[in-house]
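Student: I would like to learn how to read side-chain features in a model. Could you take me through one?

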Amino acid sequence: MSKLGNIGARLYRGEVGYDFIGKRKIWYGISILITITAIVGLAVRGLNMGIEFSGGAVFTTPKTSVSATQAEHMAESASGGHQAVVQKLGGSALRIQIGGLDTQQAVPVQEELAKDLKVPVQDINTQLVGPSWGEEIANKAWLGLAIFMLLVVIYLAIAFEWRMALGALIALIHDLTITVGIYALVGFEVTPGTVIGLLTILGYSLYDTVVVFDSLKESSKDITKQTRFTYSEIANRSINGTLVRSINTTVVALLPVAGLLFVGGGVLGAGMLNDISLALFVGLAAGAYSSIFIATPLVADFKEREPQMKALAKRVLAKRAAAAAKGAGQEEPQDAIPGADDADDGDDAAVVGPQPASRNRGRGRPSGKRR
């Protein structure tokens, strides 16, 4: 078995683990800081909405030696001051996007660009998008996102419980806010491909969260009938048990997306790939983070406020204090079975796995004459 596989098996069995729940305030602080940065970037810089949402014209030129910066100045001058966004395409072609142009304005702009770039007018491909169509697409995108969120909450509330649904919803909003904020900070164009990418990463984040929740639901069944673990400790064991799986699936998903973003968009100059690849890359990483560090710790916080979970925590702590006092007063034999004192709790096995049926009570001195 590989080293990573061995660690994963030990994490699953609870032999080793990291206290994610105990350090949840640290993760909350990190998430709040990242979220505030994203919101500030969104408020200050705003989103670079594509013409599919704002309306305008897109001019695709043939191969040219003009740089993107020079073409941007030419386009703004030809359109009478309208803001232009220029992207280099494969083969040194240019994609010039100018917002706010209608059909009558697009024709003279096309002719002026052909003159400045020294190419035939018919070689410049022009696409027009009306503002009403862009507004309709934007409204449908928001509607689709709202329906997705609603269905997520309903499903989780039915399959698990409302606390898990609330924790997953907060984690999804967390992922969405970070991804949109990074789009604003980087300045990438928001297109329908971006919306598709956002919905994709939200679905992936939900899948990763449900995996942990399913393990938590199974482990916490009849939790109040035992006195070995609190709910937070069971939640922490569930995270550790699925940790390696979450890491593996995230890395495998990020590798091809990184290829799209850094190789396709950066090296090869396929700028259109950036629209969806950045949303996927940031969203996949944020989704894996939130399922481990945000969603499950939030559920543990919500559950620990319940009266029965508070009572369970008191019983667990009382039992541990009694065991510590007993251990301080009487030293156990070296060959004692770890956890054997808990064998009387018959329902413990439902939470932590098989336990010894009884301890070996025949540890006294052998019978016979005393020397």
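Tutor: Start with the rings. Ring pairs link Tyr18, Phe20, Trp27, Tyr289 and Phe293 into a cluster. The rule: rings of Phe, Tyr and Trp (its six-membered ring) pair if their centres lie within 6.5 Å; planes under 30 degrees apart count as stacked, over 60 as edge-to-face and the rest as tilted. Two cautions follow. This is a predicted model, where local features need pLDDT of at least 70 and side-chain atom pairs count only at pLDDT 80 or more, while totals for chains, interfaces and linings use all residues. Residues are numbered from 1 along each chain as its sequence is written, and side-chain values use heavy atoms, with hydrogens and water left out.

Student: How many aromatic pairs does the rule give?

Tutor: The count is 6 aromatic pairs. Trp27 and Phe293 make an edge-to-face pair, 4.6 Å centre to centre, with 65° between the planes. Trp27 belongs to helix H2 and Phe293 to helix H10, so this pair ties together parts 266 residues apart in sequence. Helices (H or I, at least four residues) and strands (E, at least two) are DSSP runs, numbered from the N terminus.

Student: Are Trp27 and Phe293 buried or exposed?

Tutor: Both Trp27 and Phe293 are buried. Buried means under 20% relative accessible area, exposed over 50%, partly exposed in between (1.4 Å probe, protein chains only). Now take Phe160 and Phe213, an edge-to-face pair at 6.1 Å centre to centre and 75° between the planes. Phe160 sits in the loop between helix H6 (131–159) and helix H7 (162–186), and Phe213 in helix H8 (residues 192–219), 53 residues apart. Phe160 is buried at 16% relative accessible area. Phe213 is buried at 0%.

Student: Which charged end sits over the ring of Tyr18?

Tutor: That of Lys23, 5.2 Å from the ring centre. The test: NZ of Lys or CZ of Arg is within 6 Å of the ring centre and within 35 degrees of the ring normal. Arg237 lies over the face of Phe229 as well, at 4.8 Å from the ring centre.

Student: How do I read charge pairs?

Tutor: Side chains of opposite charge can pair when their charged atoms come close. A salt bridge is a side-chain nitrogen of Lys or Arg within 4 Å of a carboxyl oxygen of Asp or Glu. The whole structure has 7 salt bridges. One joins Arg24 to Asp301, with the closest N and O atoms 2.7 Å apart. Arg24 lies in helix H2 (residues 24–45) and Asp301 in helix H10 (residues 274–304), so the pair ties together parts 277 residues apart in sequence. Arg24 is partly exposed at 23% relative accessibility; Asp301 is buried at 15%.
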